[in-house]
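Hi there,

Here is the structure I promised to pass on to you. Have a look at it first, and then read on for what I found in it.

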Amino acid sequence: MAKLNKVVVGQEYRFNPVMIDRADPKTNLRKGMRVVVVELPGAPKANTMGHCHISQNGTFAGMVHVNSLETV
């Protein structure tokens with residue numbers, strides 16, 4: 001099993017989708033776009049079950065797998 005990355009809320013990352021985010025995309029993001037990990041009220045915290053919520057340019061973008069995010 002692959003090791004899961006740990007992401008930090010408020011940190012900026014580069015989106016590089018792994019297989020789960022390519023096969024069943026939940027966002028309109030393209031490879032290389034910069035995103036910020038966010039924590040939504042009432043939603044699971046970042047890194048829960050290997051996923052996190054992200055925003056792009058201050059707008060909520062969706063949920064992705066943590067391994068799809070690379071540090072900038």
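**Starting from one serine**

Ser55 is buried, as its relative accessible area is 10% and the cut-off for buried is under 20%. Please keep in mind that this is a predicted model.

Where does Ser55 sit? You will find Ser55 in strand β3. Leaving out residues up to four places away in sequence, Ser55 touches Val35, Val36, Val38, Phe60 and Ala61.

Now look at Ile54, which is found in strand β3 too. Is Ile54 buried or exposed? Its relative accessibility is 0%, so Ile54 counts as buried. Setting aside neighbours within four places in sequence, Ile54 is in contact with Leu29, Val35, Val36, Val37, Val38, Phe60, Ala61, Gly62, Val64 and Leu69. Take Val37 as one of these: Val37 and Ile54 are 17 residues apart in sequence, yet their C-alpha atoms are 4.4 Å apart in space.

**The sheet around them**

Strand β3 covers residues 51–56 and pairs with β4 in the antiparallel sense, over six bridges. On the β4 side, Val64 stands opposite Cys52.

How many strands form the sheet, and in what order? There are five, arranged as β4-β3-β2-β1-β5 in an open sheet with antiparallel pairing. The edges are taken by β4 (59–65) and β5 (69–71); each has a single partner strand, so one side of each is left without a neighbour in the sheet. On average, neighbouring strands of this sheet are turned by 50 degrees against each other, direction ignored. As background, strands of a sheet pair through backbone hydrogen bonds, either parallel or antiparallel.

**The whole chain**

Stepping back, the protein chain has one helix and five strands. Reading from the N terminus, the elements run β-α-β-β-β-β.

What does the radius of gyration tell us? The protein chain has 11 Å, which agrees with the value near 11 Å for a compact globule of 72 residues. Along its principal axes, the C-alpha trace spans about 30 × 25 × 25 Å.

Of the 72 residues, 32% are buried. Among contacts with a separation of 6 or more, 51% join residues 24 or more positions apart. The accessible surface of the protein chain comes to about 4800 Å², and carbon and sulfur atoms account for 54% of it.

Enjoy exploring it, and write back with any questions!

Best wishes

Technical notes. Residues are numbered from 1 along each chain as its sequence is written. This is a predicted model: local features need pLDDT of at least 70, side-chain atom pairs count only at pLDDT 80 or more; totals for chains, interfaces and linings use all residues. Side-chain values use heavy atoms; hydrogens and water are left out. Two strands pair if DSSP finds at least two bridges between them. Helices (H or I, at least four residues) and strands (E, at least two) are DSSP runs, numbered from the N terminus. Axes are lines fitted to C-alpha atoms, for helices over the stretch in contact, and angles run from 0 to 180 degrees between N-to-C directions. Buried means under 20% relative accessible area, exposed over 50%, partly exposed in between (1.4 Å probe, protein chains only). Contact means heavy atoms within 4.5 Å. The radius of gyration is taken over C-alpha atoms; the globule rule is 2.2 Å times the number of residues to the power 0.38. Accessible areas come from the Shrake-Rupley method with a 1.4 Å probe; for residues, only the protein chains shown count as cover.
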